[in-house]
Amino acid sequence: MYVCICNAVTEDDVHGCMASGCTTAKAVKAACGFKPGCGMCTKRIHTMVSEYRTAGELADVLTAGGAASPTAA
């Protein structure tokens with residue numbers, strides 16, 4: 001699905017940028033080569049970045065929690 005019609009950027013493109021290390025909407029836009037457009041995509045990109053960071057933090061907690069469990073017992 002397209003995130004930005006003006007720049008023909010898809011959700012997969014945005015996810016790829018985030019997987020490559022982009023942690024802000026501004027960084028995603030730069031990595032995807034965004035040109036000025038209508039701006040309707042900005043809120044969606046902010047949401048996607050926030051969800052990606054939250055998922056990463058949860059994975060870190062679960063991974064650390066899993067590694068700490070055997071030593072706690």
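Predicted model: local features only at pLDDT ≥ 70, side-chain atom pairs only at ≥ 80, totals over all residues.
Residues are numbered from 1 along each chain as its sequence is written, and side-chain values use heavy atoms, with hydrogens and water left out.

Now show the whole chain as a cartoon. You will find three helices and two strands. From the N terminus, the order is β-β-α-α-α. Helices (H or I, at least four residues) and strands (E, at least two) are DSSP runs, numbered from the N terminus.

Next, select H1. Val-14, Cys-17 and Met-18 are buried there (under 20% relative accessible area; exposed is over 50%, partly exposed in between; 1.4 Å probe, protein chains only). Look down the axis of H1: the buried residues fall within an arc of 100 degrees, so they line one face of the helix. The arc is that of the directions from the helix axis to the C-beta atoms. Turn to the face away from the buried side, and find the exposed Asp-12 and Ala-19.

Last, select Cys-41. Beyond its neighbours within four places in sequence, Cys-41 is in contact (heavy atoms within 4.5 Å) with Val-3, Cys-4, Lys-29 and Phe-34. Finish with the chain as a whole: buried residues make up 19% of its 73 residues.
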